[in-house]
Amino acid sequence: MDNTDLSIRLYSAQTAVVQNRLMEDGVCFSKRRYVIQKYEESAPVFIAAYDWFVQEAAKIVPKPEKAEYPYWAYADLYNADASKEELLRLQVPIDEVLLFDMYDWYKLLRLQYIGEDEREEAAFQSILKDRGIRNESDVILTHFYPDLKRQVQSSWKNLFRHHHALKIGSPPKSIEVMAGLWQIKREWIVDPEEHQL
């Protein structure tokens, strides 16, 4: 992971619309409506995860007034999928980044329990099995399991358990570092000529 005491190198795949906004305004903010438009019928799942993220992440890294949802970035180039978008290389002030394990975020996107370890996750899966719950996302998306819903949502705070270690450049082993950014600033772009900005 390439970071200094003051900033971290990140990679983020963004659309031409975002890049144009950066050129025009020098900064861009993601909006809730973009997620709804992008994911259409799957939007409720993403909205549940993103809304939770926004509420909790703002407690760690203050959210600018114009920001609604985060942009995603990665510490490793190979995790940033730029197949349909342009890749931005960013050098971001460390105090403006929320860092976490990419695989924990994927669990949250699937509305799953995030345990402290695999043993804890297996124990929760056993509870679901005992209660006859086949689709774990039903715990969040329906009103039938309020006790389990509280447990799942409480477990999501584990998403941020590595933030401080990652921030100082001491990631635990087997962590794929992902970042949430409340905004992207033109001044953070490294090698702008490579991106035709």
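Helices (H or I, at least four residues) and strands (E, at least two) are DSSP runs, numbered from the N terminus. On that basis, the protein chain has eight helices and seven strands. The radius of gyration of the chain, taken over C-alpha atoms, is 18 Å, close to the 16 Å that the globule rule (2.2 Å times the number of residues to the power 0.38) gives for 197 residues, so the chain is as compact as a globular protein of that length. This is a predicted model, in which local features need pLDDT of at least 70, side-chain atom pairs count only at pLDDT 80 or more, and totals for chains, interfaces and linings use all residues. Residues are numbered from 1 along each chain as its sequence is written, and side-chain values use heavy atoms, with hydrogens and water left out.

**Confidence and overall form**

- The chain averages a pLDDT (the predictor's confidence in each residue, from 0 to 100) of 89, and 94% of the residues score at least 70.
- Confidence is lowest in helix 8 (residues 163-167), with a mean of 86, and highest in strand 7 (residues 184-185), at 97.
- The C-alpha trace spans about 55 × 35 × 30 Å along its principal axes.
- Of the 197 residues, 47% are buried, where buried means under 20% relative accessible area, exposed over 50% and partly exposed in between (1.4 Å probe, protein chains only).
- Among contacts (heavy atoms within 4.5 Å) with a separation of 6 or more, 79% join residues 24 or more positions apart.

**Largest pocket**

- On a 1 Å grid over the protein atoms alone, a pocket is an open set of points with protein on both sides within 12 Å along at least five of seven lines, a cavity is a set where a 1.4 Å probe fits but cannot get out, and lining residues have an atom within 4 Å of a point.
- The lining of the largest pocket divides into 20 nonpolar, six polar and eight charged residues, with Ala, Val, Leu, Ile, Met, Phe, Trp, Tyr, Cys and Pro counted as nonpolar, Asp, Glu, Lys and Arg as charged, and the others, Gly among them, as polar.

**Second largest pocket**

- The second largest pocket has a volume of about 230 Å³; of its 13 lining residues, Asp101, Asp104, Lys107, Glu118 and Arg161 are the closest to its centre.
- Helix 4 contributes the largest share of this lining, three residues.
- By class, the lining of the second largest pocket has two nonpolar, three polar and eight charged residues.

**Cavity**

- The structure holds one cavity of 30 Å³ or more, and the largest cavity has a volume of about 40 Å³.
- Residues lining the largest cavity include Phe53, Val97, Leu181 and Trp182.
- Helix 3, strand 5 (97-101) and strand 6 (177-181) each supply at least two residues of that lining.

**Backbone**

- Most residues other than glycine have a negative phi.
- Glu40, in the loop between helix 2 and helix 3, has a positive phi near 45° and is exposed, with a relative accessible area of 55%.
- Leu111, in the loop between helix 4 and helix 5, has a positive phi of about 60° and is buried, with a relative accessible area of 0%.

Note on methods
Points joined across faces, edges and corners; volume = space filled by probe spheres on them.
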